Amino acid sequence: MAEEAVLGYLEKNEEISDSGIFAEEKGISHDEIVNIIKSLNGFRLVDAQDIKRERWVLTHEGDMYAEHGSPEVQLFLAVPPEGTTREELQGKFEPSIYKIGCTQAIKNKWIEMGKSAVSRKVQHVDDRVRDLLVQIQKGESSRLSTRQRLESICSFDSLIQSWNGNSIDIIEEVGAQDIDALKRRKLISSQIWKGFSVKKGPNYTPKRKKMATDLTREHLQRGDWKEIEFKEYNFLAKGQPTDGGCLHPLLKVKRQIQLIFLQMGFEEMATNNFVESSFWNFDVLFQPQQHPARDSHDTFFLKEPSTTRSLPEDYVERVKQVHESGGYGSKGYGYEWKREEANKNLLRTHTTAVSSRMLYALAQGKFAPKKYYSIDRVFRNEAVDRTHLAEFHQIEGLICDRGLTLGHLIGVLEDFFSRLGMSKLKFKPAYNPYTEPSMEIFSYHEGLQKWVEIGNSGMFRPEMLRPMGLPEDVQVIAWGLSLERPTMILYGIDNIRDLFGHKVDLSLIKRNPICRIGLN
């Protein structure tokens, strides 16, 4: 119906000047007319030009004022001629209406507000705001339905140039200053109306022929293929894009680092427990219970279940003893260790909690040297910014063997980071509660032309290892770094929120190149 209306009108007329007016005249939905015009324009049966017009609509607040009156007039009418008290007047209105009403009424010099009394300065006011809103509201709801009605007001050509989707009297009476004032009070908002003007195209015909897209067996049998008009093939058109899974940059870098660990003979630790007890996350690592990292400002504690169900009791006693009075060459911390603190459940703050479980399990049988690694998610209650998130990924490696020294740790780190393409390393002394000695790891960044911290490392303390049951001549060297930092450097990303989280652009995942860690 819409197609016949458009093509039939153009057969007798030069142009459809406005698709909106045309749709109302024909009693057809404007959306249906627009869709047909786009289709006909694609086949060049018509030439369509875009029309855009701004129209004003009332906001929710504007609707309220149009119905009940503006706050300033409501407030003015609530003040009797003899005056009233501020307290009595305020009790008649909601706080927002009272505040806006007072501000506007004082600005208009309608009322005088004393410390306790309110009085009128004029005896009569007009609700100009409400009148303007009602005019705009009527303009929205009473659309002009026929060309004849419009032409009774002014010429059709001049109307097309000036009409903004509302009635003519609105355009004349609601001026630019009024519109600006209503906009500033957020009582109206603009909407863009879109339509078309339409003329005959180079392929115009009063009735569109349905072109065949395929040559069928029936066409050949009937012989009508000779008269059928076939749709032209577009050999430049692109096919449908193929849908397929795409690896996130973090997964690509993670896989390359996993391969490096495997090449160095490491085994992967099971990291499927995001929830840990404070015992395995802190106490086992010889971290005192009053340490700032154990505060709720730095750690996410669980409300339900808030505590762990069971812990190895004999091991708990040894950990308690080394905290309170020391042992294995240590004085301990000299405080009263509390079991209820150790029982608290939390989201693990580092994967070293996994390492402590693995080392404890290793100590329960006959000792054998081991190399372990893990790459998984950890959680910290940190403020989110360009370089920090509340959850991120930690890479951790450790070696457990007899006779290990700081020299072994430095040698392993140089081997590991050289495989990542970082050959220039520096080490700086640092402090960790569960490693001694401890070192921060720095690498020279060629792009930034400066030394950048890339990780932390150290040798686990005897206060951590001996209560587990590991032999006295066994040492553990370990190191850790984040997965996000090398990924951001490799892919040129300067904001971590663009790499991980709900703000990630999916096109980044689809277009990112292969990971070239350690490749020249």
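Let me begin with where the values come from. The model is a predicted one, in which local features need a pLDDT of at least 70 and side-chain atom pairs count only at pLDDT 80 or more, while totals for chains, interfaces and linings use all residues. Residues are numbered from 1 along each chain as its sequence is written, and side-chain values use heavy atoms, with hydrogens and water left out.

Now to the helices, which, like strands, are DSSP runs numbered from the N terminus (H or I over at least four residues for helices, E over at least two for strands). Two packed helices are described by the angle between their axes and the distance between the axes. For helix α2, residues 19-26, and helix α3, residues 30-42, the axes come within 9 Å and cross at roughly 120°; the axes are lines fitted to C-alpha atoms, for helices over the stretch in contact, and the angles run from 0 to 180 degrees between N-to-C directions. α2 and α3 are therefore oblique to each other, where under 35 degrees counts as roughly parallel, over 145 as roughly antiparallel, 65 to 115 as roughly perpendicular and the rest as oblique.

Which residues make the contact, meaning heavy atoms within 4.5 Å? From α2 they are Ser19, Gly20, Phe22 and Ala23, and from α3 they are His30, Ile33 and Ile37.

Staying with α2, its buried residues are Ser19, Gly20, Ile21, Phe22 and Ala23, and here buried means under 20% relative accessible area, exposed over 50% and partly exposed in between, with a 1.4 Å probe and protein chains only. At the end of this helix, α2 is followed by glycine 27, whose phi is positive, near 70°.

That brings us to the backbone elsewhere. Most residues other than glycine have a negative phi, and most peptide bonds are trans. Arginine 44, in the loop between α3 and β2 (46-58), has a positive phi of about 60° although it is not a glycine, and arginine 44 is partly exposed, at 39% relative accessible area. Lysine 109 also has a positive phi of about 60°; lysine 109 sits in the loop between α7 (95-107) and β4 (111-113), and counts as exposed at 59% relative accessibility.

Finally, the cis peptide bonds. One joins glutamate 304 and proline 305, with omega about -10°, and proline 305 is in the loop between α15 (278-281) and α16 (313-324). Another runs from glutamate 436 to proline 437, with omega near 0°, and proline 437 lies in strand β13, residues 435-445.

Key: Contact means heavy atoms within 4.5 Å.
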